[in-house]
Amino acid sequence: MTSSLMDDLLGLLRIRVKRGVNLAVRDINSSDPYIVVKMGKQKVKTRVINKDVNPEWNEDLTLSVTDPSLTVLLTVYDHDMFSKDDKMGDAEFEIKPYIEALRMHLDGLPSGTIVTTVQPSRRNCLAEESKVTWIDGKLVQDLVLRLRHVECGEVEAQLQWIDLPGSKGL
C-alpha cells in the first residue's frame, strides 16, 4: 500500500527570515546576501539584497514537515555576478522543541505566554535563548542564530506552524 504525501505530512513550517546582523564582507566593502534553507530534500531561498551586511528580508519560506527529528540548515551566500557565490556561514537548528510545544494543544493561554525556552549550547547555533511563545492563538519560536564557519554574523528568524486540512497533523 502506498501512502500519499498527505498521510505523512504533519503540516507546514513557515520560517520568517527576518534579518542578518553584521554579516561577513565578501565583496570590496560589502556583500550581496541571500539565504538558502534546507530540510531533508527540500530547499528554499530568499531574494538577494544588494550591498548590505545588515539585510532586512522579512521573507516567509515554507517547508513541508514529515519528520520532526530533521534539522533545518540555513546557509548565507554572497551573490556574485561573475563567479561562484561565496558562502558566508551557516547555522543549523532543531524543530523538535517547537513541534513538542505544538503538540501540547495550548488553546486558551493568554497571549505572550512563554511555553518553552531553548538554551544556547555547543550543540546548537543559538546566539541567545530561543523562546517558544503563544501569541494571539499561534505558537511562534524566535531564533537568533550565530553563523558557523565564518568570522561574524547572525541571522534572526521566526518559526510558525501552518496546519493543513487533510494532512496527518500533530
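Ile 15 touches Val 37, Glu 59, Asp 60, Leu 61, Leu 63, Val 72, Phe 93, Ala 157, Gln 158 and Leu 159, leaving out residues up to four places away in sequence. Contact here means heavy atoms within 4.5 Å. This is a predicted model, where local features need pLDDT of at least 70, side-chain atom pairs count only at pLDDT 80 or more, and totals for chains, interfaces and linings use all residues. Residues are numbered from 1 along each chain as its sequence is written, and side-chain values use heavy atoms, with hydrogens and water left out.

The largest nonpolar core has 41 residues, of which Ile 15 and Ile 95 touch the most other members. Such a core is a set of buried Ala, Val, Leu, Ile, Met, Phe, Trp, Tyr and Cys residues joined through side-chain atoms within 4.5 Å. Buried means under 20% relative accessible area, exposed over 50%, and partly exposed in between (1.4 Å probe, protein chains only).

## Salt bridges

The structure has 10 salt bridges, each a side-chain nitrogen of Lys or Arg within 4 Å of a carboxyl oxygen of Asp or Glu. Asp 60 pairs with Arg 16 in one of them, with the closest N and O atoms 2.8 Å apart. Asp 60 sits in strand 4 (residues 56-65) and Arg 16 in strand 1 (residues 11-21), 44 residues apart. Strands are DSSP runs (E, at least two residues), numbered from the N terminus.

Glu 59 and Arg 47 form a salt bridge at 2.6 Å, N to O. Glu 59 is buried at 17% relative accessibility; Arg 47 is partly exposed at 41%.

Asp 90 bridges to Arg 148 at 2.9 Å between the closest N and O atoms. Asp 90 lies in strand 6 and Arg 148 in the loop between strand 9 (138-146) and strand 10, so the pair ties together parts 58 residues apart in sequence. Salt bridges with shared partners join Lys 87, Asp 90, Glu 92 and Arg 148 into one network.

## Asp 85 and the tyrosines

Asp 85 lies in the loop between strand 5 (71-78) and strand 6 (86-94). Asp 85 is buried but has no salt bridge; the nearest side chain of opposite charge, Lys 45, is 6.3 Å away. A polar atom of the Asp 85 side chain lies 2.9 Å from the backbone nitrogen of Asp 80.

Contacts of Asp 85 include Tyr 34 and Tyr 77. The structure holds one aromatic pair. The rings of Tyr 34 and Tyr 77 have centres 5.6 Å apart and planes at 20 degrees, so the pair is stacked. Rings of Phe, Tyr and Trp (its six-membered ring) pair if their centres lie within 6.5 Å; planes under 30 degrees apart count as stacked, over 60 as edge-to-face and the rest as tilted.

Technical notes:
Helices (H or I, at least four residues) and strands (E, at least two) are DSSP runs, numbered from the N terminus. Lys and Arg count as positive and Asp and Glu as negative; His and the chain ends are not counted. A polar contact is a pair of N or O atoms within 3.5 Å; within protein, one must be able to donate a hydrogen and the other to accept it, and residues adjacent in sequence count only if both atoms are side-chain atoms.
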